[in-house]
Amino acid sequence: MPISVFDLFKIGVGPSSSHTVGPMMAAFKFSAVLRDSQLLDQVSRLEVHLYGSLSATGIGHGTDHAIIMGLLGERPDTIDPSIINTTIAALKETRSLSLGRQKDVTFEWDQDIIFHEESLPHHPNAMKLCAFAEDGSLLTANTYYSVGGGFVVDQNQVDAKLEDMDTAKIPFDFNSAEELLAICKREGMSISRLMMENEKTWRGEQEVRDELWRIWQVMCECIDNGLTHEGILPGGLNVKRRARQLHQRLQAAEQNDCLIATTFSAMEWVNIFALAVNEENAAGGRMVTAPTNGAAGIIPAVLHYYMKFQAGANDRNVVDFLLAAGAIGILCKKNASISGAEVGCQGEVGSACAMAAAGLAEVMGATPEQVENAAEIGLEHNLGLTCDPVGGLVQVPCIERNAIATVKAINAAQMALRGDGTHFISLDKVIRTMRDTGKDMLDKYKETSKGGLAVNAIEC
């Protein structure tokens with residue numbers, strides 16, 4: 001099924017696209033189904049069942065809070081993040097939930113949210129929502145899977161083997177980088193132009209440009225907020241925000257003739273931008289999945305650096321960057337996964353690094369072959385990366401990991417631009433390797449906080 005660039009870049013809230021954005025959207029859909037089926041008035045009680053990774057790290061990722069806000073009728077792209085904590089506190093005190101903001105139902109926090117150790121077969125990020133009548137009978141239930149990047153499918157879609165009910169026919173469909181490059185060569189198109197033609201299946205070209213610019217503005221606001229806020233991140237690890245202080249130091253630094261100081265200026269800027277985004281994400285701020293929340297700092301940091309320091313940079317560059325990045329994200333999602341719970345952090349940070357490298361190469365004038373090479377380099381050197389968040393929080397090692405991958409993305413683009421696009425390992429082979437590595441990876445390294453740094457960082 002066709003994937004739009006707007007499926008990859010979604011406006012939402014932190015700290016996780018799969019554990020926060022996806023579950024909130026699933027709960028919103030469940031509430032809407034109750035309303036549309038005229039069952040809302042019959043609902044007396046609700047149950048929330050969490051499975052697999054949503055159960056193991058759901059509390060640290062705010063999954064429970066996100067689901068409640070969705071049941072209240074809030075969407076991740078429109079919710080004001082500042083209302084979440086006060087709303088949850090009021091619900092716990094009153095033991096009443098305003099379903100869809102229309103019907104008050106009983107909700108006992110400690111009883112009606114149930115955490116299950118087992119995983120469901122389709123995907124490790126699973127949740128089941130149940131609505132009961134006053135006599136205790138089950139009115140309706142549905143199982144949802146948050147498959148990464150804010151994508152959600154329900155049991156009906158799974159049973160029908162459809163993860164996307166969109167049946168639109170795009171003019172230049174591609175399922176591999178090889179196909180993508182062949183189409184670009186045949187049509188004489190850049191990757192960003194090909195993506196634009198596909199996006200015009202759903203929207204006019206100006207609407208695509210306007211919406212991508214709006215997404216970019218949210219990314220910029222997220223960076224600005226991260227450079228403004230300071231203090232300790234929530235969750236109990238006592239991780240201190242660093243972006244603001246590092247930004248102030250960099251701005252105040254005197255010119256230093258030391259080789260490492262002058263040549264590492266780009267690294268310092270993109271580090272700060274990435275840290276700013278991911279600190280905002282960890283604090284539950286407004287985000288753009290790129291393609292996930294856990295990896296949300298990489299693409300904005302690279303693009304922000306380009307827009308800030310590249311002479312003549314303009315809004316067309318923003319659009320082309322995001323479109324080219326989106327093409328790589330589509331390949332990663334179609335042929336492997338962008339879910340840390342499915343293939344580890346290589347699917348999140350690795351995919352984002354490849355996307356950012358491709359986007360930067362595109363706006364620097366790369367050929368389609370060089371863009372593909374940049375993406376391949378970015379992803380190849382994140383293979384095997386585990387998802388092992390300490391305490392189930394998207395903080396350690398996630399925040400710094402975004403900064404490191406940002407520098408990798410720039411280096412990957414630079415290396416590709418120095419070549420002619422020919423290289424030994426294709427992007428398709430690297431994506432396939434990511435998929436296979438994810439299958440071989442033990443579950444304790446896939447967003448369960450049961451292995452890696454998540455256990456070795458805790459003093460027993």
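Residues with a relative accessible area under 20% are classed as buried, those over 50% as exposed, and those in between as partly exposed. In this predicted model, glutamate 187, at 35% relative accessibility, therefore counts as partly exposed. Its salt-bridge partner is arginine 186, with the closest N and O atoms 3.0 Å apart. Arginine 186 has a relative accessible area of 58% and is exposed.

The count of salt bridges comes to 21. Among them is the contact between the side chains of arginine 193 and glutamate 197, at 2.6 Å from N to O. Arginine 193 and glutamate 197 lie four residues apart in helix 10 (residues 191–199), and so about one helical turn separates them. Both residues are partly exposed, arginine 193 at 28% relative accessible area and glutamate 197 at 21%. A further salt bridge joins lysine 200 to glutamate 205, where the closest N and O atoms are 3.7 Å apart. Lysine 200, at 35%, and glutamate 205, at 25%, are likewise partly exposed. A network of salt bridges links Arg193, Glu197, Lys200, Glu205 and Arg209.

Helix 5 (residues 63–71) is mostly covered, with eight of its nine residues buried. The buried residues include Asp64, Ile67, Ile68 and Leu71. Glycine 73, which follows helix 5, has a positive phi near 105 degrees.

An unreviewed UniProt entry lists residues 4–156 as "domain: Serine dehydratase beta chain". Over residues 4–156, the chain is 39% helix and 29% strand, and the C-alpha atoms at the ends are 22 Å apart.

Definitions and conventions. Residues are numbered from 1 along each chain as its sequence is written. This is a predicted model: local features need pLDDT of at least 70, side-chain atom pairs count only at pLDDT 80 or more; totals for chains, interfaces and linings use all residues. Side-chain values use heavy atoms; hydrogens and water are left out. Buried means under 20% relative accessible area, exposed over 50%, partly exposed in between (1.4 Å probe, protein chains only). Helices (H or I, at least four residues) and strands (E, at least two) are DSSP runs, numbered from the N terminus. UniProt positions are given in the numbering used here, feature names are shortened, and annotations may be inferred rather than shown by experiment. A salt bridge is a side-chain nitrogen of Lys or Arg within 4 Å of a carboxyl oxygen of Asp or Glu.
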